[in-house]
There are 2 protein chains.
Amino acid sequence: MNALLLVAHGSRRQQSNDEVVVLADKLRKNCTEQYNIVHAAFLELAETLIPDGIKKCIDDGAESVIVLPYFLNSGRHVVEDIPNIVNDTKKNYPDVEIKIAPHLGASDLMMELLITSANSTK
Amino acid sequence: MNALLLVAHGSRRQQSNDEVVVLADKLRKNCTEQYNIVHAAFLELAETLIPDGIKKCIDDGAESVIVLPYFLNSGRHVVEDIPNIVNDTKKNYPDVEIKIAPHLGASDLMMELLITSANSTK
């Protein structure tokens with residue numbers, strides 16, 4: 001069983017956190033062939049935090065977990081904070097493969113998304 | 001002449017700001033048919049700030065400027081801060097059409113980008 005854990009920063013604005021949870025729900029429906037389990041987690045300021053998000057995936061039966069940073073830039077959170085938390089959490093689950101995906105800004109599709117967003121301006 | 005102003009948050013980490021400028025350069029090469037002018041600007045912590053970014057576009061001859069928020073969630077920055085700054089700046093340029101594009105998380109392409117990023121994990 002493969003799991004995807006969408007990790008956002010977390011905001012004091014609950015609506016912003018809810019958007020991430022809704023996005024994870026949408027993701028779950030769109031990638032069932034590749035990922036049987038999809039959850040959302042947050043670096044800070046909101047529940048579920050990353051270690052609990054990883055635990056949720058494993059409790060659901062995940063043998064592999066991909067942590068997908070919902071971040072645009074390779075700032076400190078992407079380069080240091082998320083890897084540190086994931087590496088610490090990994091120690092508790094030696095039999096589970098836990099990897100971190102590239103941040104979204106690194107994707108070739110970003111260009112297309114930017115132009116589409118610009119063109120959709122009303 | 002149409003301009004696109006890519007607006008990111010701005011980081012204390014210079015490399016993160018440089019990534020945004022590189023992305024704007026890449027964007028410029030990819031959308032020359034629709035947008036003759038492309039610049040990057042930041043909400044805070046980095047140069048160029050939004051009002052100066054808009055000025056740069058207009059100095060380059062823009063008759064319309066689309067401000068494209070390089071943000072994933074509809075947090076306070078997207079909902080309040082960027083619109084407030086853009087609306088204040090607009091007053092200086094009554095003859096230029098200045099609009100704000102939706103934030104990136106609102107795009108239908110985001111789902112595809114997330115799954116592609118997850119699948120590219122090494």
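**Charges, cysteines and fold in a predicted model**

Modeller: This is a predicted model. In chain A, the mean positions of the 12 positive and 17 negative charges lie 5 Å apart.

Colleague: Which residues count as positive and which as negative?

Modeller: Lys and Arg are the positive ones, Asp and Glu the negative ones.

Colleague: How do you know that Cys57(A) is in no disulfide?

Modeller: A disulfide needs two cysteine sulfur atoms within 2.5 Å. The nearest cysteine sulfur to Cys57(A) is that of Cys31(A), 11 Å away.

Colleague: What about Cys57(B)?

Modeller: Cys57(B) is in no disulfide either. Its nearest cysteine sulfur belongs to Cys31(B), at 11 Å.

Colleague: Why is Cys57(A) called buried?

Modeller: Buried means under 20% relative accessible area. Cys57(A) has 0%, so the word applies. Cys57(B) also counts as buried, because its relative accessibility is 0%.

Colleague: How much of chain A is buried?

Modeller: Buried residues make up 55% of its 122 residues. The accessible surface of chain A is about 5900 Å², and 47% of that belongs to carbon and sulfur atoms.

Colleague: What makes chain A agree with a compact globule?

Modeller: Its radius of gyration is 15 Å. For 122 residues, a compact globule would have one near 14 Å, so the two agree.

Colleague: Which elements build chain A, and in what order?

Modeller: Chain A has four helices and four strands. From the N terminus, they run β-α-β-α-β-α-β-α.

Terms used
Residues numbered from 1 in each chain as written. Chains lettered and ligands numbered in written order. Predicted model: local features only at pLDDT ≥ 70, side-chain atom pairs only at ≥ 80, totals over all residues. Heavy atoms only, no water. Buried < 20%, exposed > 50% of the residue type's maximum accessible area, 1.4 Å probe, protein only. Helix = DSSP H or I, 4+ residues; strand = E, 2+ residues; numbered from the N terminus. Rg over C-alpha atoms; globule rule 2.2 N^0.38 Å. Areas by Shrake-Rupley, 256 points an atom, 1.4 Å probe, with all protein chains shown as cover. Charge placed at Lys NZ, Arg CZ, Asp CG, Glu CD.
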